[in-house]
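Try each task first, then follow the solution one step at a time.

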Amino acid sequence: MKHGIHFFEHSVLTTAIQDFTAVIREDPSNAQARLYRGRAYAKQQQYRNAIQDLGAAIHLDPSCWLAFYYRGCILQQIDPKKALQDFSVSALINDTQENFCSFLHRGIVYSEQCKWSLAICDFESVLALDSSFIFAYLNIGLILLLHLNQCHEAIQQFTNAIEIDPLNIRAYVCRAQAYHKIHNLPNAVKDINRAIHLYPNKSQLCILRGQYLMELKEYELASLCIHQVAEMDEESFMSQPVQQALIQSFCQNHDKAIECLREATSTQPEPSMFVILGKIQMNAKKTKDALGSFKKALKLLMTSAKILPNTFEAAEIYYLTGLCYIEKKSLLQARDAFTMAIRLHSSYPDAFYQRGLCRMQLRQANCIQDFNRALALCPSHFQAYMSRAAYYGSQSRYSKAILNCNEAIKILPNSVQAYFYRGTLKYQNKTFKASIEDLSKAINLDKTCVLAYYNRALCYHEIKDFRKALKDYGVVLLLQLSKEIAFKVLINRGLLYMELDDYASACEDFKEAALLSPDDSQIFQAIGICYHRLHEFEEAVRSFGQVLKLDPVSVDAYVGRGNSYMENGHEAGCKQAQKDFLRAIHMNPECIKARICLGYNLQALGKLQKAWNQFTVAICIDPKCHTAYDGRASVCLQTGETFAALQDTNAALKLTTTAPLLTNRGVINQLMGHLPSAMKDYQQAISVDPNYALAYFNAANIYFHNRQFSQAYCYYSKVLQLDPRNESALMNRAITNTLLNNTEEAKKDFEKAVCLCPFSASVYFNRANFYNGLKQYELAEKDISTALSIQPNDALMYQFRADIRGKLGLNKEAVEDYKQAINIQEKI
């Protein structure tokens, strides 16, 4: 017996069995020999012989707890019920620390039978016998975590295991999963990091950390984890080609992923493998190869009768095939593939949605039915609502489109896309303030959403909030954007500057736009208009010339260039302008603008009858053209036909009431001597446009003529408030102040007038009169001398200087001035 036990303990099992057999042959009732031979048979996996010997040992010695324990271990998998009985009897016979394994194994059997409470009791009994046994803590923790949903209690069990063995990787992983379940992600990441520190080459741990970091929105760190896994050369990882391929694909190593799966499909040609291969080929933009993979998958799914089963797997393959055809711009084939997917699996919302997109791009009205079906199957399908909104928007049914955006926002309350599109729909619906609210929400969610800034700027432009519009246009230009958007922004901002009369800024924007689109004649047309308004007429001529190079039949360019030539103020420019106006009329005889400009041109050249004819032709073309009536009235006025001028101005005023027209009629009435009517016209002009300076000036002149100097003073002051550089108003107010004995104010006005017009003889003449009235003869003599140096052939000024010099005692010089005045008068 001792000989057999020695060989048993040294694992020389065959010899041990022979020895125990010899003992049993000599003494068939030897329970110990039966026990040891049974254990030896168990180690040699001769379970039938082992059970017989252990049974005999129990029969010979019913108190042999070891025999019950070992038989329970053998029966654990094949007869759990009998195993439970053996473990229970063994524990009943010996419940000391020596037999804690009976409690442990019975707990494992209870766990396999889902008897969680009994299993926990047995594991706790193990811990009561041996508190350092980590396996029991882990099992209790896993039952609490996975089956009883008692996460905090499970965490405590895993913590107990870690306190006993701080290097136990399984305890850290289990506790990390428990923390993850209660959404304590920072602690979950810490535990996984500890596990990785212990086993740095375990790919599954890196994948798990990547998952937790993704949920923490630490995308860069998560990506780093996946890249780390891709670089590992672990056997267990390499033996899983699908997982390896997916990780390589995530790391954008598509070629490696495809190579890995191709090797797998060559040894394991299953439909699912080909589907994964096709998906990775789609990610790698190898659409043709992906289609080939999906076709192979379909071929493997075919039954012997060449019929596809009505399964989701088959439908998904057709769905993916449809996506490939969309990538290839083969919309008809894509639509047919999605139809097949729906036929195989009628409850496939994404297939309905994608078919709807295809039909919408093919301009088929039944696309809306597909979107409706997708939403019926999946009421939370965000993109289906957005696509339905896009369809209704394309049909100008903006209210219905907005309702769909509302539903999409309910699904994803922080969707930039939904707020942005709803904002653009409200812009189309002319509800600009509501549009601004939505676009502002989109911008708050994504500060770099260029199109949201651009569209909000358009809304601000529409509601005349120019400051905010300019700010948004500026932000768009600061952000990285396409040339197309930059071009539109520059054009729109240029037009906005023009509305603000800031032609210099508008011109700069149009010039930048011209660099982006050098063949766009309309941009150079706008540049020409800006230069014209800035009084840079030579530059304007060049810009309009560039328009005509790009578009030789542009009537507007000829008219614009003609007007710029006219503004140069010399006869050669007027003649060149006339040629441009005539070319414009030749290209479009009904171009009223060209005829009116030609009329003013002929008037400037003194050809009044021809000018009158052009205005008359313009009136015949468009009897409602008030500008033509106004132009003809100016010609009539120049020829002395004041009544005809009055009739034309009245005709213009019947068509439109403007301050300039009313002021012109006031001038005509004033020339006809109808001063009350003239004053009435000027006052009406002021009521129509309170900022029209000329109406104030003419009214002030009538007040001055009527010696109503206080009223004249107020009106001249209003003119200067609106137009501070109006030298005529300044000089007239100076004279008015003189007559009102406002000496200091008059002196200031004369000084300002001299600063504005240092070469105007009349300014110096009037100031000389002012000094003469103040008996400041030396200053008066100096000013009248300056006036004569500017205008030397004026007899009245010589006479005036002679009078002043006489008062100064300069008799000889005074006589010379009188003689000069007489000589000039005799010549006249």
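Two residues are in contact, or touch, when they have heavy atoms within 4.5 Å of each other. Keep in mind that this is a predicted model.

**Exercise 1. Find where cysteine 367 sits and what cysteine 367 touches, not counting residues up to four places away in sequence.**

Step 1. Start with the element: cysteine 367 belongs to helix 23, residues 367–377.

Step 2. Next, look at accessibility. A residue counts as buried under 20% relative accessible area. Cysteine 367 has a value of 0%, so cysteine 367 is buried.

Step 3. Now list the partners. With residues up to four places away in sequence set aside, cysteine 367 touches Gly356, Arg359, Met360 and Tyr391.

Step 4. Finally, check a distance. Tyrosine 353 is 14 residues from cysteine 367 along the chain, and their C-alpha atoms are separated by 8.7 Å.

**Exercise 2. Decide whether arginine 422 counts as buried or exposed.**

Step 1. Locate arginine 422 in helix 26, residues 416–428.

Step 2. Its relative accessibility is 14%, so arginine 422 counts as buried.

Step 3. Leaving aside neighbours within four places in sequence, the contacts of arginine 422 are Ile402, Cys405, Asn406, Ile409 and Asp438.

**Exercise 3. Work out how the buried residues of helix 39 are arranged around its axis.**

Step 1. Helix 39 runs over residues 642–655; its 14 residues reach 20 Å from first C-alpha to last, close to the 20 Å expected at 1.5 Å a residue.

Step 2. The buried residues of helix 39 are Ala645, Leu646, Asp648, Thr649, Ala652 and Leu653.

Step 3. Viewed down the axis of helix 39, these buried residues fall within an arc of 165°, so they line one face of the helix.

Step 4. Phe643 and Lys654 are exposed on the other side of helix 39, while the cover over its buried residues includes helix 38 (626–638) and helix 40 (659–671).

**Exercise 4. Repeat the analysis for helix 49: which residues are buried?**

Step 1. With 17 residues (811–827), helix 49 reaches 25 Å from its first C-alpha to its last, close to the 24 Å expected.

Step 2. Ala814, Asp817, Ala821 and Ile824 are the buried residues of helix 49.

Step 3. Because they fall within an arc of 85° seen down the axis of helix 49, these residues line one face of the helix.

Step 4. Turned away from that buried side, helix 49 carries the exposed residues Asn811, Lys812, Glu826 and Lys827. Helix 48 (795–807) is included in what covers the buried residues of helix 49.

**Exercise 5. Describe the largest pocket and its lining.**

Step 1. The largest pocket holds about 290 Å³ of space.

Step 2. Its lining residues are Gln525, Ile529, His532, Arg533, Phe544, Asp556, Val559, Gly560, Asn563 and Lys593.

Step 3. Helix 32 (521–533) and helix 34 (555–567) are the elements that give two or more residues to this lining.

Step 4. Sorted by class, the lining of the largest pocket has three nonpolar, four polar and three charged residues.

Notes
Residues are numbered from 1 along each chain as its sequence is written. This is a predicted model: local features need pLDDT of at least 70, side-chain atom pairs count only at pLDDT 80 or more; totals for chains, interfaces and linings use all residues. Side-chain values use heavy atoms; hydrogens and water are left out. Helices (H or I, at least four residues) and strands (E, at least two) are DSSP runs, numbered from the N terminus. The expected span of a helix is 1.5 Å times one less than its number of residues. Buried means under 20% relative accessible area, exposed over 50%, partly exposed in between (1.4 Å probe, protein chains only). The arc is that of the directions from the helix axis to the C-beta atoms. On a 1 Å grid over the protein atoms alone, a cavity is a set of points where a 1.4 Å probe fits but cannot get out, and a pocket is an open set with protein on both sides within 12 Å along at least five of seven lines; lining residues have an atom within 4 Å of a point. Grid points are joined across faces, edges and corners, and a volume is the space filled by probe spheres set on the points. Ala, Val, Leu, Ile, Met, Phe, Trp, Tyr, Cys and Pro count as nonpolar, Asp, Glu, Lys and Arg as charged, and the others, Gly among them, as polar.
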